[in-house]
Amino acid sequence: MSKAAPAKNPAPTAPPPECTLDTNDPQVQKAAIRIQASYRGQRSRKELREKGPPRVLEPLKDVVLIEGSAAKLTCRISAVRDPFIRWCKDGKELRDGPKYRYVFEDPDVVALVVRDGELADLGQYSINVTNPFGQCSDSARILVEVPTKIQKGPDNTKALKGATVMLTAEILGEPAPDVGWTKDGEDVEEDDRVFFEIGTTTTTLTIRRATPQDSGKYEVYVENCLGRDQSFAHVDVA
């Protein structure tokens, strides 16, 4: 018995004419462009899902700043590649420098350090984070506490009988201090002739129709939770 001859592979047959593509056909080229655009769109959406715009993971919190010290505002954001960070105070951009320091503690933690605290640092602070996919922002307040003080005390005053005497002191403090006046160690009892007013940065004691009995040592004192201060002046009515 002879061996059977090995089977030969059938010769490839050409596809039917209706199944061929002519790459020079304008309609084929347009379809290819649409397919490529769709692929790029799907890839962009995939990158957007994987990377995406920055997000605030832990928001900023209000901070109390003591005069002369430093405060830090900290924000945790979604880890994004090469984000652009911008800090502002009351809408005005803050430049990284000796007063304000931009700090990057971890890949997703950013902070602003405010040095040499003063009353002018009181305000609304905001952060804006931008990457190629979008942006996010957040804000918080820095509350400043300043020990109360009398920046300029009242002046010694000489007046004629019947004149109006006004003693003024320049004051500072945050929280706003309690203010009081004394005469010869006793609290001034206010009426329509002798009274004092308290403004944002000043306090004024007014003595109308002054008499010799109004002569004496007048003291102004201020006090808040961080400190106390006082100053005095002499009044001489003749």
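Which residues make the nonpolar surface patch of about 340 Å²? I looked this up before anything else.

**Entry: basis.** I am working on a predicted model, in which local features need pLDDT of at least 70, side-chain atom pairs count only at pLDDT 80 or more, and totals for chains, interfaces and linings use all residues. Residues are numbered from 1 along each chain as its sequence is written, and side-chain values use heavy atoms, with hydrogens and water left out.

**Entry: patch.** I find that Val64, Ile66, Leu122, Leu143 and Leu226 make the patch. I took patches as residues with over 30% relative accessible area and no salt bridge, with like charges joined within 9 Å and nonpolar side chains (Val, Leu, Ile, Met, Phe, Trp, Tyr) within 5 Å. Accessible areas come from the Shrake-Rupley method with a 1.4 Å probe, and for residues only the protein chains shown count as cover. I then located Leu226 in the loop between β16 (216-224) and β17 (227-237); strands are DSSP runs (E, at least two residues), numbered from the N terminus. Leu226 is partly exposed, with a relative accessible area of 32%. I call a residue buried under 20% relative accessible area, exposed over 50%, and partly exposed in between (1.4 Å probe, protein chains only).

**Entry: sheet.** I traced an open sheet of 5 strands in the order β10-β17-β16-β12-β13, with mixed pairing. β10 (157-159) and β13 (186-187) stand at the edges with a single partner strand each, so one side of each has no neighbour in the sheet. Strands count as paired if DSSP finds at least two bridges between them. β16 and β17 run antiparallel and are joined by 9 bridges; I noted that Tyr218 has Ala233 in β17 as its bridge partner.

**Entry: salt bridges.** I required a side-chain nitrogen of Lys or Arg within 4 Å of a carboxyl oxygen of Asp or Glu, and the count is 12 salt bridges. One of them joins Lys72 to Glu105 at 2.7 Å, N to O. Lys72 lies in β3 (71-77) and Glu105 in β6 (100-106), so the pair ties together parts 33 residues apart in sequence. Both ends are partly exposed: Lys72 has a relative accessible area of 40% and Glu105 one of 37%.

I also recorded Arg193 with Asp214, whose closest N and O atoms are 2.8 Å apart. Arg193 is in the loop between β13 and β14 (194-198) and Asp214 in the loop between β15 (202-207) and β16, 21 residues apart. Asp214 is buried, at 7%. Finally, I noted a salt-bridge network that links Glu58, Arg76 and Asp108.

Notes. Helix = DSSP H or I, 4+ residues; strand = E, 2+ residues; numbered from the N terminus.
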